[in-house]
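Open the model in a viewer and show it as a cartoon. The stops below give what to select and what is found there.

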Amino acid sequence: MPDGTPYSSRFQDRYRSEDGGLDQATHVFLGGCGLPAAWANTPQWRILETGFGFGLNFLVTWAAWKADPQRTRLLHFVSVEAFPVSREDLLQSLPADDQLRALGLQLAEQWWGLLPGVHRLSFEEGQVLLTLYIGPAQTMLRKQQLTADSVYLDGFSPQLNPELWDEDAMKNIARHCRRGTQLATWCVAGSVRQALKTQGFDVKKVPGTPPKRHNLQASYNPAWEPRHRADGLPAPVKQPGHCLVLGAGLAGAAAAASLARRGWQVTVLDSAAQPAAGASGLPAGLFCPHVSPDDSVLSRLSRSGVRTTLQTLQQLSAAQKLQTDEDWAHGGVLEHDLNEPAHLPPQWLKTGSAEHGWGLQWSKPATAQHLQAARLPDDSHALWHAQAGWVRPAQLVRALMQSTLIQWQGNTDAARLQRDEVNGQWQVLNLQGQSIAQADMLVLALGPASKTLLQASGMNAGLWELQAIRGQVSVAEHTAQTQAAMPPFPVNGHGNLVPDFPGDAPTSPHQWIMGSTFERDVTELPPSAADQQAAHAGNGEKLAALLPACRQALQSFFDAPQQPETWARVRCAAYDRLPLAGPAGEAADDLPGLWVLTGLGSRGLTLSMLCGELLAARLHGEPLPLDAKLAQSLGTQRLWSRVTRDA
């Protein structure tokens, strides 16, 4: 608009009022919902907004949270947006207010890759969570699961965007409200007031914010008892307590960090003397999205996982718990597909489609420069994943556990679990049957040993179809020759190569790592000399196909009569190769307080942080960090469904 107000040519309407929208955001929405007073000293507060636009309502709410000494511990802001603006337009429309502008710059840093679906953006070390539902409001609100404490009813006018204001829309809003949820809007149209009343809201007109004469406020107070969709989960906990986490790998550390962020006192127990002694002690590994032409469940899950992993790494680095380029790097990964062209979803490549811009921010065809840097032929089938990189998992595990609310307890062998029916606490027993720890809640994150412990405790262990998979990688220190032979970025495909990462000591030479083997149902550690020799040979064959020139340069390593030992550990995968994150009981009231996070397989760095957040969100009744259908694919309920289906 001539006055600088953002304008939508699609809806022929302003994104906000001509006064800049700041008063509207502050008084109509924040004040109209009784905030910040309503969230004072609460464990969490959940706000649902229809129409994110340029995010002014979110920025104002975030600023109010930062300024409030009695702020809620965890602020959830969930917003629906069918047509997200570009990052460039978002930056151009930032408020003039210095504080809001600074927050807007943080928002813009995470404003990428917004394909249709659910995206979780994280701020303030994970205490302010923005969940974006990208897609038509009606569709997204029907598909997703959340309960809101406040509702900002915003968007283009009813005349120009009736779908956001009609009776079906109000019914969708009501589905996500609890008794007492406060709703606020600038719209006072009679049809909107009537639709809200029909759905159980007490509605009143209040003096408006110029140029509006009136605004609308409402409280959800139906004559009937509100019913929410049953998801088979236990009732959300009201307050955090004490939790035991068994297992100090990526899964256990992710669960511990997510729970501690919500105020839980967490004790992490493991049989080893130090965290990350198992498969999560891998010298270095990759986090990377998966792509498929039909944008499969794994592809969408991996994107949600990569975003959560990146946010976690960036926050830990900002807190100086990790060092960028020493413990991890976000420099991209080349995927070399040997069998056929690596197919992106067709809509990502269609010029002019929204998916074209957002999708290619995730993955795109590799350029000639990428292929040349990897010394691959010009006709190679390869993709470039911009949102990907490498991590040293043990450093990540230790960083996640650096919280005053997390206590480490090593050299602790758990032989059996039992629940004290008198005090409702879970107890961990040793081989002598003595209790070595107890707490209100217990998260089992022991990888392959999870099933063994469940079986020893008499807890439906037969249903937990977990497979042990031994993996061996070839790892060595760099020489001048190997350093020169390596590509400047990691490469994956059939196997993966991290070409350059620091050694454990500050003065140690840098290293490279190639692998890994997949030896199903093999648990022997350390591997025999013959198995190690076979593993090196297999890793060399994978490298020869992945990067022929690199394999040739490493001939002295892979073809040497005496090779160093492989690095070997045992991973754990579920029957469908997707992680398990949820309650251990078949029914909501079965095994209360016992939860499981396991089955990460070879995708621990991509999916563990996401699974930790999913577990905590389900436990607390929070908005989920990913699409509800995808969350269901990670739930433990699928085990019981499979048993019923097979029967």
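**Helices α8 and α19**

The crossing of α8 and α19 is right-handed. This is a predicted model. Select residues 250–261 for α8 and residues 604–620 for α19: their axes come within 8 Å and cross at roughly 40°. That angle makes α8 oblique to α19.

Now show side chains at the contact. From α8, display Leu250, Ala251, Ala254, Ala255, Ser258, Leu259 and Arg261; they meet a set in α19 that includes Leu605, Met609, Glu613 and Leu619. By class, ten residues of the contact between α8 and α19 are nonpolar, four are polar and two are charged.

**The six-stranded sheet**

Next, go to the open, mixed sheet of six strands, ordered β19-β12-β11-β23-β31-β30. From one strand to the next, the twist averages 15°.

Inside this sheet, pick β23 (residues 441–444) and β31 (residues 594–598), which pair in the parallel sense over three bridges. Leucine 442 has leucine 594 of β31 opposite.

**The three-stranded sheet**

Last, find the open sheet with the order β13-β18-β14 and antiparallel pairing. β13 (285–287) and β14 (328–329) are edge strands with a single partner each, so one side of each has no neighbour in the sheet. Select residues 389–391 for β18, which pairs with β13 in the antiparallel sense over three bridges. Here phenylalanine 287 stands opposite glycine 389 in β18.

Technical notes: Residues are numbered from 1 along each chain as its sequence is written. This is a predicted model: local features need pLDDT of at least 70, side-chain atom pairs count only at pLDDT 80 or more; totals for chains, interfaces and linings use all residues. Side-chain values use heavy atoms; hydrogens and water are left out. Two strands pair if DSSP finds at least two bridges between them. Helices (H or I, at least four residues) and strands (E, at least two) are DSSP runs, numbered from the N terminus. Axes are lines fitted to C-alpha atoms, for helices over the stretch in contact, and angles run from 0 to 180 degrees between N-to-C directions. Angles under 35 degrees count as roughly parallel, over 145 as roughly antiparallel, 65 to 115 as roughly perpendicular and the rest as oblique. A crossing is left-handed if the near helix is turned anticlockwise from the far one by less than a right angle, and right-handed if clockwise. Contact means heavy atoms within 4.5 Å. Ala, Val, Leu, Ile, Met, Phe, Trp, Tyr, Cys and Pro count as nonpolar, Asp, Glu, Lys and Arg as charged, and the others, Gly among them, as polar.
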